[in-house]
Amino acid sequence: MAKRRVWFKNALLGLLLLGLVMAALYFWDKQKTLFPLKHTEVVPAVSQLTTAQRQQLMPILKRALGQSFWQVDLLQLQSDLTRLEWVRSVVVTRQWPDTLQVKLHLQTPVARWNRNGLINDAGQVYYPLNLQPYLDLVQLQGQDKDAAEVLKHLVQFQQCLNALGMQIQSLQLKESGVWDIHLVNGQTLVVDRAHALSRLQRFVQAYPKVEKSSLKVAQGFDLRYSNGFIIQKKAMKDQTEGSKADGN
């Protein structure tokens, strides 16, 4: 029992001395920068980033080099990196003795959002400095609070329309609660928010039964009916005609 007490006392004394040494080194380092940061390790590798991304990233990382390993403000550095529009999230850690490790989680844009934004695969909206590389993406429109819902319905609507070989070019959720689906072929589908998926599925089933002559002049389809849909014909002298198609 006495030996255990002596061992415990010695261990406690050792920890105390170690703590004092570390504290002394910490404050000495604060004054003299004994352990400066010399390297940065970026994941994914900097070489995998675009030129524009590297130009934004490197000045931020260079500001940390030369700073004390212990004193560098990791939270501030992480905040600065997160502000880059192409960074979704970031984790910054120290790696002894002189390296700063930066793990970047990049944005994955899947569609354009409203006028100047993009939406990532999690349904989050962000705004890039340059929209030009993303002009080929599907255009989504709506209120920011509905972004995730609009993206979800884009996937569902496109899966439905694949059966007809139709491709969505843009999708808008209006404040009135109506979906406007614009197709690559120039046609438009209009459907109410409450019954969107079921009525689109009904449209896909009924479409092959519609007379080809009617489909040939169709400008769009209004699916907001309980028993079918309206075929909106191409405008002739600013007059739009419509004919009813039974959904059964």
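Which side chains does a polar contact of 2.7 Å join? They are the side chains of Q101 and E41, where a polar contact is a pair of N or O atoms within 3.5 Å; within protein, one must be able to donate a hydrogen and the other to accept it, and residues adjacent in sequence count only if both atoms are side-chain atoms.

Please keep in mind that this is a predicted model: local features need pLDDT of at least 70 and side-chain atom pairs count only at pLDDT 80 or more, while totals for chains, interfaces and linings use all residues. Residues are numbered from 1 along each chain as its sequence is written, and side-chain values use heavy atoms, with hydrogens and water left out.

**The protein as a whole**
- The secondary structure comes to six helices and 13 strands; helices (H or I, at least four residues) and strands (E, at least two) are DSSP runs, numbered from the N terminus.
- Of the 248 residues, 38% count as buried, meaning under 20% relative accessible area with a 1.4 Å probe and protein chains only.
- Among contacts (heavy atoms within 4.5 Å) with a separation of 6 or more, 45% come from residues 24 or more positions apart.

**Around Q101**
- Q101 sits in strand β3, which covers residues 99-106.
- Because its relative accessibility is 16%, Q101 counts as buried.
- Leaving aside neighbours within four places in sequence, Q101 touches E41, V91, V92, T93 and Q95.

**Around V190**
- Although V190 and G220 are 30 residues apart along the chain, their C-alpha atoms are separated by 7.9 Å.

**Helices α4 and α5**
- The axes of α4 (residues 147-161) and α5 (residues 196-206) come within 9 Å and cross at roughly 15°; axes are lines fitted to C-alpha atoms, for helices over the stretch in contact, and angles run from 0 to 180 degrees between N-to-C directions.
- The two helices α4 and α5 are therefore roughly parallel to each other, a term for angles under 35 degrees.
- On the α4 side, the contact is made by Q156, F157, C160 and L161, and on the α5 side by A196, L197, L200, Q201, F203 and V204.
- By class, this contact of α4 with α5 has eight nonpolar, two polar and no charged residues; Ala, Val, Leu, Ile, Met, Phe, Trp, Tyr, Cys and Pro count as nonpolar, Asp, Glu, Lys and Arg as charged, and the others, Gly among them, as polar.

Notes
Buried < 20%, exposed > 50% of the residue type's maximum accessible area, 1.4 Å probe, protein only. Parallel < 35°, antiparallel > 145°, perpendicular 65-115°, else oblique.
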